[in-house]
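Please view the model first.

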Amino acid sequence: TSLSPSQFLRRQQVLQLYRKILRAIRDVPAEADRHYLKDWAREEFRRNKDATEEDAIRMMITQGNMQLQELQRTLKLAKS
């Protein structure tokens with residue numbers, strides 16, 4: 001199945017968010033925490049991979065970005 005332009009862009013946003021989250025997780029100092037967070041992220045994205053409702057997808061992207069920012073803030077605080 002081919003994607004509409006908006007579906008294509010949304011998919012790019014989701015993939016970009018996933019990569020950013022995995023990149024941020026690399027900076028988590030404790031290996032056990034890194035492993036847990038990576039599993040959590042993978043499971044969240046897998047669980048929602050069949051979502052088709054535009055509003056729901058937009059909301060999940062927004063939530064994901066907020067969680068990413070929270071993780072980045074926490075990591076920055078831990079380093080200082």
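The lining of the largest pocket is made up of twelve nonpolar, six polar and eight charged residues. Here Ala, Val, Leu, Ile, Met, Phe, Trp, Tyr, Cys and Pro count as nonpolar, Asp, Glu, Lys and Arg as charged, and the others, Gly among them, as polar. The volume of this pocket is about 880 Å³. Among its 26 lining residues, Val14, Phe45, Asn48, Lys49 and Ile57 are the closest to the centre. Helix H1 (5-25), helix H2 (31-47) and helix H3 (54-79) each give two or more residues to the lining. H1 gives the most, with eight residues.

The terms behind these values are as follows. A pocket is an open set of points on a 1 Å grid over the protein atoms alone, where a 1.4 Å probe fits, with protein on both sides within 12 Å along at least five of seven lines; lining residues have an atom within 4 Å of a point. Grid points are joined across faces, edges and corners, and the volume is the space filled by probe spheres set on the points. Helices (H or I, at least four residues) and strands (E, at least two) are DSSP runs, numbered from the N terminus.

This is a predicted model, in which local features need pLDDT of at least 70 and side-chain atom pairs count only at pLDDT 80 or more, while totals for chains, interfaces and linings use all residues. Residues are numbered from 1 along each chain as its sequence is written, and side-chain values use heavy atoms, with hydrogens and water left out.

**Fold and surface**

The protein has three helices and zero strands. From the N terminus on, the order is α-α-α. The C-alpha atoms fill a box of roughly 45 × 20 × 15 Å along the principal axes. Of the 80 residues, 16% count as buried. Buried means under 20% relative accessible area, exposed over 50%, and partly exposed in between (1.4 Å probe, protein chains only). The accessible surface comes to about 6,400 Å², with 53% belonging to carbon and sulfur atoms. These areas come from the Shrake-Rupley method with a 1.4 Å probe; for residues, only the protein chains shown count as cover.

UniProt, in an unreviewed entry, places the feature "domain: Complex 1 LYR protein" at residues 12-70. UniProt positions follow the numbering used here, feature names are shortened, and annotations may be inferred rather than shown by experiment. The span is 81% helix and 0% strand, and its end C-alpha atoms lie 22 Å apart.

**Single residues**

Ala24 is in helix H1. Why does Ala24 count as buried? Its relative accessibility is 5%. Beyond residues up to four places away in sequence, Ala24 touches Leu68, Leu71, Gln72 and Leu75.

Helix H3 holds Thr62. Thr62 counts as partly exposed because its relative accessibility is 45%. Asn65 also lies in helix H3. Asn65 is partly exposed, at 28% relative accessible area.

The table pairs sequence separation with C-alpha distance.

| Pair | Sequence separation | C-alpha distance |
|---|---|---|
| Thr62 and Leu17 | 45 residues | 9.7 Å |
| Asn65 and Ser2 | 63 residues | 27 Å |
| Ala24 and Ile57 | 33 residues | 22 Å |

Technical notes
Contact means heavy atoms within 4.5 Å.
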